[in-house]
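Work through the exercises below with the sequence and the structure in view. Each task is followed by a solution in steps.

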Amino acid sequence: MRGFLLRRVGGAVFVLVALSIVVYAAFYVAPGNVAQIACGPRCSPAQVAQVSEQLHLGDPLYVQYAHFVEALFAGRDYSTGTGTMHCQAPCLGLSYQSDQQVTGLILAKLPATASLVVGAFVLWTVLGVGTGVLSVWRRGRATERVLMWITLAGMATPVFVIGLLLIILLVTWLQILPFPDYVPFTDDPEQWAWNLLLPWISLALISAAPYARMTRASMLETLAEDHVRTFRAYGVGEGTLVGRHALRGALAPVIALAALDVGAMFGGAVLTESLFGIPGVGRELVDAVKTVDLPVVVGLVLTTGFFVVLANTVADVLHAMADRRVVLA
């Protein structure tokens, strides 16, 4: 297990380094005067030249990337055309629009996105796996067909459609839930959960469908294996077969899918955050793209990539714990 963990951590570090190189090159080699964008439209040519020198834009790309990596560990001084600002480590740069540290902007938005993703993850996992188990338990009956139709509809419906329908139904007509107004968990845990319940349900209804279908398919495959047939021949009850053997066999693909979804949600919940007015990472990324705020875009893309790699590494470890054969692969 120790060697397996070292290989997975080493692979994750390699992927993060490769991702940072690709992202940095993709954005800072793009056409356009980066110094002019960083300095602002009112800067004189002399000020733009000063910013270009401060950012080392005349250096080869690998030297610029080295300065970027150095700033992550030691901080960096930035010229804004009218003065110099120090960016403390870990420094992802300064926002062109607000002159704030990108790291601080991300940390300020991250709790809202984390609240959305974690709560929705719990709901969609319970709902999806539970639906898959129930469909296997009732296989061959009308219940199974109805559940599969519902999951298929969930996979085909965009999140903003379900979100709007839930707003109309639960907020406007029935007035059961308030329209979401994000409240930090540290301010009021009860209001935090109450205001996020509607976005959680919207994301869960969309994301639970693949889990239900994958759980069902994996459990049916396990139930068709020889050892399960042997257990059934010896009189082991169907409930034990479904709950103990088949469900355990379905855990591995569900864990892998969960890792991809959780990591991607940290940067991909743009529609949900925009629909419900949640001040998270997704909305910040959209705003940064609109204003060509390159440091913020690069920082958010790298942050999203970090969570994707982290989630997949954790999934590999959990997969190995669920199936020890993975460690020997």
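A contact means heavy atoms within 4.5 Å. This is a predicted model, in which local features need pLDDT of at least 70 and side-chain atom pairs count only at pLDDT 80 or more, while totals for chains, interfaces and linings use all residues. Residues are numbered from 1 along each chain as its sequence is written, and side-chain values use heavy atoms, with hydrogens and water left out.

**Exercise 1. The chain as a whole**

Task: State how many helices and strands the protein chain has, and what share of its residues is buried.

Solution. Step 1: helices (H or I, at least four residues) and strands (E, at least two) are DSSP runs, numbered from the N terminus. The protein chain has 14 helices and 2 strands. Step 2: buried means under 20% relative accessible area, exposed over 50%, and partly exposed in between (1.4 Å probe, protein chains only). Of the 329 residues in the protein chain, 40% are buried. Step 3: take the contacts between residues at least 6 apart in sequence; 64% of these join residues at least 24 apart.

**Exercise 2. Aromatic pairs**

Task: Count the aromatic pairs and describe the one formed by Phe 121 and Trp 124.

Solution. Step 1: rings of Phe, Tyr and Trp (its six-membered ring) pair if their centres lie within 6.5 Å; planes under 30 degrees apart count as stacked, over 60 as edge-to-face and the rest as tilted. By this rule there are 9 aromatic pairs. Step 2: Phe 121 and Trp 124 form an edge-to-face pair, 5.7 Å centre to centre with 90 degrees between the planes. Both lie in helix 5, 3 residues apart, about one turn of the helix. Step 3: compare their surroundings. Phe 121 is partly exposed, with a relative accessible area of 28%, whereas Trp 124 is buried, at 0%. Step 4: the rings of Phe 306 and Phe 307 are also edge-to-face, because their centres are 5.5 Å apart and their planes are at 70 degrees. Phe 306 counts as partly exposed at 39% relative accessibility, and Phe 307 as buried at 17%. Step 5: ring pairs also link Tyr 24, Tyr 65 and Phe 68 into a cluster.

**Exercise 3. Around Phe 121**

Task: List the residues in contact with Phe 121, leaving aside its neighbours within four places in sequence.

Solution. Step 1: with those neighbours set aside, Phe 121 is in contact with Ala 258 and Val 262. Step 2: Phe 121 and Ala 208 are 87 residues apart in sequence, and their C-alpha atoms are 8.9 Å apart in space.
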